[in-house]
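Dear colleague,

I am passing on a structure that I would like you to look over. The sequence and coordinates come first, and my notes come after them.

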Amino acid sequence: MEERKKRLVELKKKQESYEKQLVQLFKSLGQEALSKGAVQGSPFRDELAEYSRLDREERELRGTLEKLESLLTKERALKSKHKELSQRIRSDEKDLTIQQVALGVSVLTCTEVPEVIFPLKQQYEALIHQLEETEDHLSLLEQEESKDFFSFIGKQSRKLVLHAGRAGKEREIKKISQKAGETLLQSSLGDYELQEEAANLMNLAAATLKAVTSGRTELDVLSQSLDALERDFQQLGVEGNPIRSKKNLEKGLQKVQDELENLFEITGKKLSESDAEIGSIDPAIQPMIDEIQLVKKDLLSIARQIEILTTELEIAKMQHEIGKLQETIKQHELRQERERHFIADAQHRIDELSDKIQSLQHVLD
């Protein structure tokens with residue numbers, strides 16, 4: 001029995017494999033017949049119309065997806081370049097600010113300055129003077145001794161005010177210095193000659209400014225390209241999130257492909273039925289039909305073997321159950337025989353005891 005069970009498992013696996021092979025053959029036959037127009041006639045009018053519709057939808061979806069993927073690839077490249085360029089510009093702008101401040105300070109500290117920044121020099125010197133006065137006040141305040149708790153609190157409050165004022169003046173000095181450096185970069189110096197340090201700073205800042213200006217121009221071009229790309233997405237019918245649209249298109253394509261697979265299988269089955277009136281068939285697909293018939297024949301043979309083995313196993317199972325029931329009956333019969341002997345012996349003993357009771361009864365009489 002165990003050998004037959006093992007054989008049955010093997011046959012079922014083989015049957016499953018053949019069934020999958022048959023389905024694939026149906027699909028291949030249906031696809032070949034519909035895609036190459038290998039069938040004609042009214043029996044396949046609906047299948048041919050459905051194939052034409054699904055094939056058109058599949059090609060349209062594939063084309064849209066290819067265009068969308070191309071646009072997404074282009075968008076990723078542009079955004080990556082835009083991000084990289086923006087970071088570089090921000091870094092250059094920070095460097096330019098530092099260089100403009102350094103250039104401004106370098107020129108503003110000179111005795112003579114170009115006319116274009118002369119008003120800034122006046123503001124710069126006034127702020128420097130105010131800053132020095134603040135530093136002097138802080139120095140004196142540090143030397144001042146607190147007589148009691150209240151004078152200590154007052155001293156700390158004045159220090160806080162002076163520190164805040166100093167910080168504010170330092171920020172103003174930095175702004176004026178940057179403005180001076182920026183003005184020097186954008187204006188003509190005329191006959192004014194910069195000192196070596198200022199000249200070096202001027203050249204460095206000018207190079208950085210050129211890099212920032214060039215970067216901003218390139219960034220504008222990239223932004224325009226991204227805007228144009230957005231219009232391309234809209235023309236393609238993609239609204240909102242292109243990634244989500246791509247997923248929806250892929251789902252739609254998969255649905256159409258599944259419908260095509262189902263149509264191919266149905267058509268292949270119909271073509272393989274030799275007794276069906278299927279109209280005109282291209283001889284080129286006849287070998288595929290013959291192969292399907294062979295697989296069907298093999299499947300019938302396998303199914304018959306499975307049926308036989310299953311029946312044999314069922315019979316063997318029933319015979320085994322009959323044997324068990326017969327053994328149970330035998331055990332019950334043996335038990336009944338023992339019980340009959342026991343009853344007979346008991347009855348004999350009862351009779352003996354009854355006779356003795358009657359004999360003894362005379363004594364009582």
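Predicted model: local features only at pLDDT ≥ 70, side-chain atom pairs only at ≥ 80, totals over all residues.

Residues are numbered from 1 along each chain as its sequence is written, and side-chain values use heavy atoms, with hydrogens and water left out.

The mean pLDDT (the predictor's confidence in each residue, from 0 to 100) is 88 for the protein, and 96% of the residues score at least 70. Among the helices (DSSP runs of H or I with at least four residues, numbered from the N terminus), helix 2 has the highest confidence, at a mean of 93, and helix 3 (residues 118–143) the lowest, at 85.

Buried here stands for under 20% relative accessible area, exposed for over 50%, and partly exposed for values in between, with a 1.4 Å probe and protein chains only. Leaving out residues up to four places away in sequence, Leu68 is in contact (heavy atoms within 4.5 Å) with Phe233, Leu236, Val238, Pro242, Ser245, Lys246 and Leu249.

Helix 5, with 40 residues, reaches 58 Å from its first C-alpha to its last, close to the 58 Å expected at 1.5 Å a residue, where the expected span is 1.5 Å times one less than the number of residues. Its buried residues include Leu201, Val212, Gly215 and Phe233, and the buried residues of helix 5 pack against helix 2, helix 4 (149–186) and helix 6. Just after helix 5, Gly237 takes a positive phi of about 90°. In helix 3, Tyr124, Leu127 and Leu131 are among the buried residues, and the buried residues of this helix pack against helix 2 and helix 4.

The largest pocket has a volume of about 160 Å³, and its lining includes Gln31, Tyr51, Asp55, Gln254 and Leu260. A pocket is an open set of points on a 1 Å grid over the protein atoms alone, where a 1.4 Å probe fits, with protein on both sides within 12 Å along at least five of seven lines, and lining residues have an atom within 4 Å of a point; the volume is the space filled by probe spheres set on the points, which are joined across faces, edges and corners. Helix 6 gives the most to this lining, with six residues.

Two residues remain. Ile306, in helix 7 (residues 286–364), is buried, with a relative accessible area of 10%. Apart from neighbours within four places in sequence, Ile306 is in contact with Leu8, Leu11, Lys12 and Gln15, and its C-alpha lies 7.3 Å from that of Lys12, 294 residues away in sequence. Lys269, in helix 6, is partly exposed, at 36% relative accessible area, and its C-alpha is separated by 9.4 Å from that of Leu22, 247 residues apart along the chain.

With best regards

Note on methods
Helix = DSSP H or I, 4+ residues; strand = E, 2+ residues; numbered from the N terminus.
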